[in-house]
Amino acid sequence: MRKVPPSAVLREEIEHLLSGGVDPEKADLLSRLAHLGLGYLVQQALEQEQEDFLGRGRYERRRGEEQAEDRRPLYRNGYEEGRLRTAEGEVGVRMPQVRGSASGPYRSRLMEFLGTNSETLERLVVEMYARGLSTRDVEECFRDEISGELMISRSAVSEITDRLWEDYREFCERDLSGVEVEYLFLDAVYESLRRYGAKEGILAAWAITIDGRKVLLHLAVGNKESEECWVGFLRDMIRRGLRVPTSVTSDGAPGLLNAIEVLFKKSIRVRCWYHKLGNLRSKLPEEGADEVLAHARAVRDAPTYEAGEVRAAELIERFGEIYPAAVASFAEDLDASLAHLKLPVRHRINVRTTNLLERSFLEERRRS
């Protein structure tokens, strides 16, 4: 059995996820990252709590004074399986045990505290990878609001913060030249990151590689979904070796579209059909929605680009006078909406939406 702390095992799982180790049938990269990140943060805190109790690090010997006759020596004694209930579902943790305590079996005060105070942790997990956490952020996670008591020592808070900051820097600076990106996907969603702050925009990028892996490339906070924010976001990935993709899928945000045109002129720009159909549906009355959406899906699923153009023209002619606002929304950026039909048939269902990110963010909202 490997003699490494459970937090190290979780860190390896996160690295595996970020390198493309995700089930293709379960397109929930961000949700999975949030789940693992939450477990990683809790596990580090439990290990630091045990270290505070013992008064020494994992590989440090007992100090001489601890072996005095009036004090029994304390030893690490493996782990017990535990569960923390959160909005993300149950998070499995391994609770450190201690042998030799004269005051009875070792009990984790922190685990009891987190059982009813996990909300702050959940809100900050995505921020771990989008911006990084400060000492103040970590302290907030482990402070009792009522008593003001900090549940772990300040030295433990400092140790956790240092490790998380190192993980954040590694994520943001990792070399992307070895990721053989074929299809790139870009999106931004506004989420409540800080506990008492307003919603902030999370810029996100993921890719499908030549060998079919789905890889989360980058996350960053962008308060304004402006061209400047997106250009900076994309240039950072290009600096780290991001190759020019065959296609780039996005919604219709003007700043994002301009950034794509500036930096990926040779790529096929694909307009996300998840957003396209959502916008179309919002402009249709209840009685006519199903018919129009059926025609729109027929355009999306056309066998060729040329067939898509024909079906789109038929939709515009048939419904243009009845639902002018809806049809105008459908016709907007139509070339990009049909662009996925230029790609291999077997790839189109994956390339035509930013759904891998959208599903994750929507699931986060549902749970919270």
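Q: What makes helix α9 roughly antiparallel to helix α12?
A: In this predicted model, the axes of α9 (residues 273–282) and α12 (residues 324–331) cross at roughly 170° and come within 9 Å. Angles over 145 degrees count as roughly antiparallel, and α9 is therefore roughly antiparallel to α12.

Q: Which residues make the contact of α9 with α12, and how do they divide by class?
A: From α9 come Trp273, Lys276, Asn279 and Leu280, and from α12 come Ala326, Ser329 and Phe330. By class, four are nonpolar, two are polar and one is charged.

Q: What is the handedness of the crossing of α7 with α8, and which residues make the contact?
A: The crossing is right-handed. On the α7 side the contact is made by Glu227, Trp230, Val231, Leu234, Arg235 and Ile238, and on the α8 side by Gly255, Leu256, Asn258, Ala259, Val262 and Leu263. The contact of α7 with α8 has eight nonpolar residues, two polar and two charged.

Q: How does the span of helix α10 stand against the expected value?
A: Helix α10 (residues 286–300) has 15 residues, and the distance from its first C-alpha to its last is 21 Å. At 1.5 Å a residue, the expected value is 21 Å, and the span of α10 is close to this.

Q: Which residues of α10 are buried, and what covers them?
A: The buried residues are Gly288, Ala289, Val292, Leu293, Ala296, Val299 and Arg300. Their cover includes α9, α11 (305–319), α12 and α13 (334–338).

Q: Why does Thr209 count as buried?
A: Thr209, in strand β4 (residues 200–209), has a relative accessibility of 3%. Buried means under 20%, so Thr209 counts as buried.

Q: Which residues does Thr209 touch, not counting those up to four places away in sequence?
A: Thr209 touches Val179, Glu180, Val181, Glu182 and Val215. Val179 is 30 residues from Thr209 along the chain, and the C-alpha atoms of the two are separated by 6.9 Å.

Q: Why is Asp333 called partly exposed?
A: Asp333 is found in the loop between α12 and α13 and has a relative accessible area of 22%. Buried means under 20% and exposed over 50%; Asp333 lies in between and is therefore partly exposed. Asp333 also has a positive phi of about 55°, although it is not a glycine.

Q: How do you know that Glu15 is partly exposed?
A: The relative accessibility of Glu15 is 40%. Since that value lies between the 20% and 50% limits, Glu15 counts as partly exposed. Glu15 is in helix α1 (residues 6–18), and its C-alpha is 9.0 Å from that of Phe171, 156 residues away along the chain.

Q: What are the totals for the protein, in secondary structure and in burial?
A: The protein has 15 helices and seven strands. Of its 368 residues, 51% are buried. Among contacts between residues at least 6 apart in sequence, 64% join residues at least 24 apart.

Conventions:
Residues numbered from 1 in each chain as written. Predicted model: local features only at pLDDT ≥ 70, side-chain atom pairs only at ≥ 80, totals over all residues. Heavy atoms only, no water. Axes fitted to C-alpha atoms, helices over the stretch in contact; angles between N-to-C directions. Helix = DSSP H or I, 4+ residues; strand = E, 2+ residues; numbered from the N terminus. Parallel < 35°, antiparallel > 145°, perpendicular 65-115°, else oblique. Contact = heavy atoms within 4.5 Å. Nonpolar A, V, L, I, M, F, W, Y, C, P; charged D, E, K, R; others polar. Expected span 1.5 Å × (residues − 1). Buried < 20%, exposed > 50% of the residue type's maximum accessible area, 1.4 Å probe, protein only. Left-handed = near helix turned anticlockwise from the far one by under 90°.
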